[in-house]
Each structure stands twice: as C-alpha cells, then as structure tokens.
Amino acid sequence: MPLIDANGIKLHYRIDGPERGRQLLLSNSLASNLEMWDPQIGDLTSAGYRVIRYDSRGHGGSDAPEGPYSIEMLAEDAVALLDGLGLAKADFCGLSKGGMVGQMLGVRHADRVGKLILADTGAYMPTKEMWDGRIKTVEKGGMEAVADATIERWFTPASRLNRPGDIEKIHAMILGTPPQGFIGCSRAIQAMDQRGTIGGITAPTLVIVGAEDPATTPDHAKEIHGLIGGSQYLEIPEAAHFANFEQPQLFTKAMLGFLNG
Ligand SMILES: O=C(O)CCC(=O)CC(=O)O
C-alpha cells in the first residue's frame, strides 16, 4: 500500500497507467476512498492517462488525525501529494468533497492544475444545522448510523434495486470510513463557502452533475458553472450523487471528451 508523507500526515495513493501518460489526479468524496474511481480506471489508462488517486485525509488508508479539517487543508494535502510525487501539474477531477478541493486548488494553486472537473459538488453546502446533525449521529452511532441514508442520496432507486453488488461495495466503503475522519471532513464542508472566490478560477473547467442528485443538486452545479467564466456544464441522466459509479460510461466519456478537447 503506497503511502507518502504529505502536509504532516501519511496519504495512501495509487497510480495506474503509462508512466509517461498525461497526469490526472482524482479526489474522493466524503465517506468513500480511492476505489470509488474503479469504474473509470480502465478507460482512462487505455486513453493514455497516468491516473493518480488518493484517499483524502481521514479516509481509507490515509491518516485520520483529530479534526476539524478545512477545505484549504485538504487542498494543501493534494498539493503536497503532487510535490511528493515530483509532479509540477496535473489535470484534476474530484467528486463532491473532492470537487470542493478542486475549487480550492483552482483558486489557490492555479499553476498546479491543468484542466479541472468538478463533479456532483457545491461551492457552499447548506445547512450548518444539517452538518451538526450528521456529525452528532456519527458520534453516537458510528458510520452504521448514516450508511443507509447515504446510499439513498448516492444512488437512484433503480440502481439500489438492480445493482446489489455495487451498492454493497459502496456500503462497505462508507462503513470503512473512520468516524474521526468523517467528522473532520464534515466540519470542513460545514465551514466552506467558496462562492466569493471561484470566479477567479482560470483553468478550463467542466461541471458535471447527476440529474437526480439530491445532495449536491443540479442547482448547486449550475451555481458553480455560473460563477466560473467559460466553464462547461453537463448533467448525467439517471444518476444521483455518485454519478461516476452509477453511470460510469457516460461519466468517463464526458471526462475524456473534455480532457482531450
Ligand atoms: O459527499 C461529499 O463529499 C460531501 C457532500 C455530501 O455529504 C453528500 C451526501 O452524502 O449527501
């Protein structure tokens, strides 16, 4: 399991694809890990990309120090990962929390980002009370206490019914998230408001959202698209929050169309 010292913690990462391929960094959502990108890896590497993915702070095999964390801190983790791997720059795709990190990178570290894909994410996530409630639930009952409701937001009813193997895999990812890491990242999202800054993003940007995402809705995505001049916007049909997992072919096609365009 490759680990790297980054921003004072150990980050777990994985690299797939040709050594001299174009560098693409993938960043995971809250309560998942780098395996959330498994459906994309074959097509991206076949298309010549060197795909670098990592478990964000508090998730998967990365350290989960006591929080609260901040989106700034999570963005510095990503930059420290690039530094540790000797990479000056990479294209970036992040889903949900990963997309919040992508926005921060685009503002604070424009020189480290090539093209930017912001998937099923928000610049601001209402409400503060909702996050207090989720954090309290996990403090009391662990990740089990939020797992079923999370799956309901992440997948459409049809996928929940027809794809038990995929749902089980993601359910296990949620349960595998250290509560301290979930809480640290939830505090980061709770405190975040990037609406006043992302207008400064100059990287070519694609905003993608599952048309049925109830968590970071198409309205959240349209807000980001409206704030980032020249950005592109795409809705993925028959997908909720985990659009890359629910509609892998459409999602990866959109990624490659944008990155190669
Ligand atoms: O998933 C994330 O990275 C943060 C946004 C969120 O909590 C979505 C959800 O599970 O409702």
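UniProt positions are given here in the numbering used for this model, feature names are shortened, and annotations may be inferred rather than shown by experiment. With that in mind, the UniProt record, an unreviewed entry, places the feature "domain: AB hydrolase-1" at residues 25-248. The end C-alpha atoms of that span lie 17 Å apart, and the span is 47% helix and 15% strand. Helices (H or I, at least four residues) and strands (E, at least two) are DSSP runs, numbered from the N terminus.

Two remarks on conventions. This is a predicted model, in which local features need pLDDT of at least 70 and side-chain atom pairs count only at pLDDT 80 or more, whereas totals for chains, interfaces and linings use all residues. Residues are numbered from 1 along each chain as its sequence is written, and side-chain values use heavy atoms, with hydrogens and water left out.

I turn to the ligand. Which residues surround the ligand? They are Ser29, Leu30, Ser96, Lys97, Met125, Trp131, Arg134, Arg153, Trp154, Ile189, Ala215 and His241, where a residue is near a molecule if one of its heavy atoms lies within 4 Å of it. By class, this shell has six nonpolar, three polar and three charged residues; Ala, Val, Leu, Ile, Met, Phe, Trp, Tyr, Cys and Pro count as nonpolar, Asp, Glu, Lys and Arg as charged, and the others, Gly among them, as polar.

As for polar contacts (pairs of N or O atoms within 3.5 Å), an N or O atom in the side chain of Ser96 is 2.7 Å from an oxygen atom of the ligand. For a polar side-chain atom of Trp154, the distance to a ligand oxygen atom is 2.9 Å, and for one of Arg134 it is 3.0 Å. Taken alone, the ligand exposes 300 Å², of which the protein buries 98%; these accessible areas come from the Shrake-Rupley method with a 1.4 Å probe. Helix H4 (128-141) and helix H5 (144-154) are the elements that give two or more residues to the shell.

Finally, the backbone. A cis peptide bond joins Gly67 and Pro68, with omega about -5°; Pro68 is found in the loop between strand S4 (49-54) and helix H2 (71-84). Another cis peptide bond, with omega about -10°, joins Pro126 and Thr127. Thr127 lies in the loop between strand S6 (113-119) and H4. Asp120, also placed in the loop between S6 and H4, has a positive phi of about 40° although it is not a glycine.

Terms used. A polar contact is a pair of N or O atoms within 3.5 Å; within protein, one must be able to donate a hydrogen and the other to accept it, and residues adjacent in sequence count only if both atoms are side-chain atoms.
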